[in-house]
Amino acid sequence: MTSKKISTIKTIANIDMPQLIYGTAWKKERTADLVVQAVTLGFSAIDTACQPRHYREDLVGEALNHLFRQQNVSRENLFIQTKFTPIGGHNPQSIPYDPNAPLKEQVSQSFAMTRKNLGIPYVDSYVLHSPVEPLESLTEIWRAMEDVYNNGGSRQLGISNCYHLPILEYLWSMAKIKPAVVQNRFNSQTDYDRDLRIWCNKKGIRYQSFWTLTANPHILSSYIIGQCAERYEKTREQILFRYLTQKEITPLTGTCNEEHMIEDVEIFEFNLEENELHRIDELIE
Ligand SMILES: NC(=O)c1ccc[n+]([C@@H]2O[C@H](COP(=O)([O-])OP(=O)(O)OC[C@H]3O[C@@H](n4cnc5c(N)ncnc54)[C@H](OP(=O)(O)O)[C@@H]3O)[C@@H](O)[C@H]2O)c1
């Protein structure tokens, strides 16, 4: 177990959320081994989903069981995030709830499956995988997620794939338990969610990014990122991740490579200077 530490950032739910999250999509049967490896190398946050099409939430549970029982990792030192996936995000053959049940029931059945898969009574963050239409359905699902929260099943709620600010504004206004995080694809096609992120900052919603490396080869290959990489003796990927964390964006990484895991955790050992942050800002704004 490494002694390296990932910095945390407070959410509006008063949770210390690690500023780098290990994502478990598409890992199939390697999921358990990779989660154990990531935590052993210093990751303290895990992202999954009750969506068998892309995630093996049950194998995340297997990894947790191993970490708690064999490696003395304590539950309180891990941030565990999972998702409720509406019907449209599932393979029809592997929906983890009754698709004909009312939406409220779908959420409670899905969360019961999450508890069984993960083998823990509560998660730190429960995220709606994507907004649904019409707004009445969104409201019904969110109310059911609030029930999960109120029953102690999750310490905060969030939403993902929400690129349309009016939807987020609607959610914020109707929510009794406000969304604490937004998890979105971070790329130029959405202007890096510039307006949405400004709005999130005003409300105190934390922004998590995915596709961060894959969607941004032009940023990674830019002159300023290269200059910083040389100056700090880090990889270009480390510079981009460090930039984002200094801007209070929390990237997800799903690396399967041990060297990359080690490098990712090391980003908190240096700070980019203001003028470097500004120059990288220009690539994103
Ligand atoms: N909410 C959603 O709808 C949604 C959608 C997609 C993803 N996610 C979440 O986000 C997580 C991350 O997914 P992602 O799409 O961002 O991509 P990813 O799975 O992290 O893949 C990124 C690519 O970057 C490489 N990489 C990672 N760290 C690196 C490093 N330090 N240096 C060099 N290369 C590095 C990886 O290769 P190596 O394996 O060789 O390092 C991989 O090819 C997922 O596991 C999932 O939890 C959520």
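View 1. Helix 10 gives the most to the shell around the ligand, with 3 residues, where helices (H or I, at least four residues) and strands (E, at least two) are DSSP runs numbered from the N terminus. This is a predicted model, in which local features need pLDDT of at least 70 and side-chain atom pairs count only at pLDDT 80 or more, while totals for chains, interfaces and linings use all residues. Residue numbers start from 1 along each chain as its sequence is written. At least two residues of the shell come from each of strand 10 (249-253) and helix 10 (258-265). Gly23, Phe210, Glu237, Gly254 and Thr255 come nearest among the 23 residues around the ligand, a residue being near a molecule if its C-beta atom, placed from the backbone, lies within 6 Å of it. Sorted by class, the shell has 6 nonpolar, 13 polar and 4 charged residues, with Ala, Val, Leu, Ile, Met, Phe, Trp, Tyr, Cys and Pro counted as nonpolar, Asp, Glu, Lys and Arg as charged, and the others, Gly among them, as polar.

**View 2. The crossing of helix 8 and helix 9.** The axes of helix 8 (residues 223-232) and helix 9 (residues 236-246) come within 8 Å and cross at roughly 100°, the axes being lines fitted to C-alpha atoms over the stretch in contact, with angles from 0 to 180 degrees between N-to-C directions. Helix 8 is therefore roughly perpendicular to helix 9, a term that covers angles of 65 to 115 degrees. Ile225, Gly226, Cys228 and Ala229 of helix 8 make the contact with Arg236, Ile239 and Leu240 of helix 9, where two residues are in contact if their C-beta atoms, placed from the backbone, lie within 7 Å. The residues of this contact divide into 5 nonpolar, 1 polar and 1 charged.

**View 3. Gln246 in helix 9.** Gln246 is found in helix 9 and, with 18 C-beta neighbours inside 10 Å, counts as partly exposed; a residue is buried with 20 or more other C-beta atoms within 10 Å of its own, exposed with 12 or fewer, and partly exposed in between, C-beta atoms being placed from the backbone. Leaving aside residues up to four places away in sequence, Gln246 touches Asn271, Leu272 and Leu277.

**View 4. Tyr207 in strand 9.** Tyr207 has its place in strand 9 (residues 206-210) and counts as buried, with 21 C-beta neighbours inside 10 Å. Apart from residues up to four places away in sequence, Tyr207 touches Val182, Arg197, Cys200, Ile249 and Thr250. The C-alpha atoms of Tyr207 and Tyr122, 85 residues apart along the chain, are separated by 22 Å.

View 5. The peptide bond from Glu133 to Pro134 is cis, with omega near -5°, and Pro134 lies in the loop between strand 6 (125-128) and helix 4 (135-150). Asn14, which is not a glycine, has a positive phi of about 65°; Asn14 is placed in the loop between strand 1 (8-10) and strand 2 (16-18) and counts as exposed, with 9 C-beta neighbours inside 10 Å. Tyr192, also not a glycine, has a positive phi of about 55° and belongs to the loop between strand 8 (179-185) and helix 6 (194-203), where Tyr192 counts as buried with 22 C-beta neighbours inside 10 Å.

Notes. Angles under 35 degrees count as roughly parallel, over 145 as roughly antiparallel, 65 to 115 as roughly perpendicular and the rest as oblique.
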